[in-house]
Amino acid sequence: MNVLITGSAGFIGFFLAKKLLSNNERILGVDNLNDYYDVSLKKARLVELDSYDNFKFLNINLCDKASLIKLFSESCFDCVINLAAQAGVRYSIENPSAYADSNLIGFLNVLECCRQFKIQHLIYASSSSVYGLNSKTPFSTNDSVDHPVSLYAATKKANELMAHSYSHLYNIPTTGLRFFTVYGPWGRPDMALFKFTQKIFNNELIDIYNNGNLSRDFTYIDDIVEGIIRLIDVVPERNDHWTPESGSPATSSAPYRIYNIGNGSPVKLMDFVTALEKALGMEAKKNFLPMQPGDVYQTWADTEDLFKVTGYQPKVNVEEGVARFVEWYRKFYNC
Ligand SMILES: NC(=O)c1ccc[n+]([C@@H]2O[C@H](COP(=O)([O-])OP(=O)(O)OC[C@H]3O[C@@H](n4cnc5c(N)ncnc54)[C@H](O)[C@@H]3O)[C@@H](O)[C@H]2O)c1
């Protein structure tokens with residue numbers, strides 16, 4: 001199989017590419033290596049991927065439509081997996097334009113290429129943040145998600161709507177994946193686990209929002225990758241019997257599907273911190289703060305649909321996953 005992975009120097013794209021490469025698939029990775037976080041971490045991930053003969057990398061910005069078209073015209077992709085995006089809830093408050101560029105214009109360019117080059121399956125990253133103000137848990141893809149609380153979430157919801165219009169108009173099978181707080185080795189420096197670890201090593205205070213009264217459906221990277229890979233061959237089909245009144249919003253008459261990919265069991269933030277302290281053998285100095293704008297209190301994935309079609313069941317719990325992160329961090333940063 002010939003697969004395009006955008007965002008291949010990113011956290012999830014790196015692990016997905018690595019797994020598919022070890023399964024002997026041909027991967028073309030695209031990333032613009034932007035400096036939202038430490039570029040040397042992105043480059044180090046690419047060094048790992050470069051050791052595979054079946055990997056090729058191109059530094060392309062999704063906003064550069066001409067380069068994307070050239071790439072699609074020169075390759076014949078069996079599947080396109082779009083993970084490149086401006087990630088992060090908090091940064092979308094400081095720098096909204098970055099989200100409009102990568103997540104809206106960039107995603108539109110990917111859709112256009114999929115249309116022009118008749119791609120048989122587009123899988124793309126959405127996010128649990130689309131659940132916004134929803135308070136009914138677990139979060140289900142059957143629920144409406146019309147009340148985002150950050151621009152980041154709004155762009156991810158927009159991606160789902162844009163994908164639906166292309167699935168409907170041009171019959172392009174699209175699968176949108178709502179990831180729930182992904183963590184693990186090689187993880188993102190802007191996310192809590194990385195930041196907490198760095199600060200604990202530096203003997204600095206860690207910021208705990210909403211006085212620790214938050215919970216997240218933390219999902220270990222290997223479980224996310226397994227879920228994505230199982231979905232590659234689950235290509236959505238048209239369903240002429242579907243109606244908006246009788247069908248789930250996660251499905252359609254068009255070849256369109258949305259899934260949650262999460263662990264399915266929320267963990268209290270303070271329990272997560274305790275797991276980290278245990279793995280480090282060090283106690284964190286905590287700075288308790290109020291709720292941050294753009295944040296949600298709880299995330300919890302209903303993963304029943306994903307289980308039905310793929311048999312996917314997450315395997316790694318927080319104690320084990322955090323310990324594996326710490327092991328990687330110590331080795332990578334030599335501390
Ligand atoms: N990690 C999570 O917990 C999580 C949760 C929900 C959704 N997601 C989504 O999953 C996807 C992957 O997330 P991640 O954690 O690997 O993030 P990441 O930031 O590590 O990876 C994204 C990669 O995309 C690249 N990129 C950004 N804009 C680009 C552009 N315009 N052109 C080309 N490359 C570009 C970045 O350089 C980066 O390497 C993103 O779409 C993100 O929004 C992640």
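View 1. Helices here are DSSP runs of H or I with at least four residues, strands are runs of E with at least two, and both are numbered from the N terminus. The model is predicted, so local features need pLDDT of at least 70 and side-chain atom pairs count only at pLDDT 80 or more, while totals for chains, interfaces and linings use all residues. Residues are numbered from 1 along each chain as its sequence is written, and side-chain values use heavy atoms, with hydrogens and water left out.

View 2. A ligand nitrogen is 3.1 Å from a polar backbone atom of Asn32, and a ligand oxygen is 2.9 Å from an N or O atom in the side chain of Lys42. Of the 810 Å² of accessible area that the ligand has on its own, the protein covers 97%. Accessible areas come from the Shrake-Rupley method with a 1.4 Å probe, and for residues only the protein chains shown count as cover.

**View 3. H1, a mostly covered helix.** Nine of the twelve residues of H1 are buried, namely Phe11, Ile12, Gly13, Phe14, Phe15, Leu16, Ala17, Leu20 and Leu21. Buried means under 20% relative accessible area, exposed means over 50%, and partly exposed is in between (1.4 Å probe, protein chains only). At 1.5 Å a residue, H1 should span 16 Å, and its end C-alpha atoms are 17 Å apart, which agrees. That expected span is 1.5 Å times one less than the number of residues in the helix. After H1 comes Asn24, with a positive phi near 70°.

**View 4. Helix H2 (residues 39–50) and what covers it.** Leu41, Lys42, Ala44, Arg45, Leu46 and Leu49 are buried in H2. An α-helix has 3.6 residues a turn, so residues three or four places apart point the same way. The cover over the buried residues of H2 includes H1, strand E3 (55–59), helix H7 (192–201) and helix H11 (318–332).

**View 5. Thr219, in strand E10 (residues 219–220).** Thr219 counts as buried because its relative accessibility is 0%. Its side chain reaches the backbone nitrogen of Asn263 at 3.1 Å. Leaving out residues up to four places away in sequence, Thr219 touches Phe180, Thr181, Val182, Tyr183, Ile224, Ile261, Gly262, Asn263 and Tyr312. Contact means heavy atoms within 4.5 Å.

**View 6. Asn260, in strand E11 (residues 256–261).** With 2% relative accessibility, Asn260 counts as buried. The side chain of Asn260 makes a polar contact with the side chain of Tyr131 at 2.8 Å. A polar contact is a pair of N or O atoms within 3.5 Å; within protein, one must be able to donate a hydrogen and the other to accept it, and residues adjacent in sequence count only if both atoms are side-chain atoms. A polar atom of the Asn260 side chain also lies 2.8 Å from the backbone oxygen of Phe139. Not counting residues up to four places away in sequence, Asn260 touches several others, including Ser140, Arg178, Phe180, Asp302 and Leu306.

View 7. Most residues other than glycine have a negative phi, and most peptide bonds are trans. The bond from Thr137 to Pro138 is cis, with omega near -10°, and Pro138 is found in the loop between E5 and H6. Lys118 has a positive phi near 50°; this residue is in the loop between helix H5 (96–116) and E5 and is exposed, with a relative accessible area of 65%. For Asn171 phi is positive too, near 65°. Asn171 is in the loop between H6 and strand E6 (174–179) and counts as partly exposed at 41% relative accessibility.
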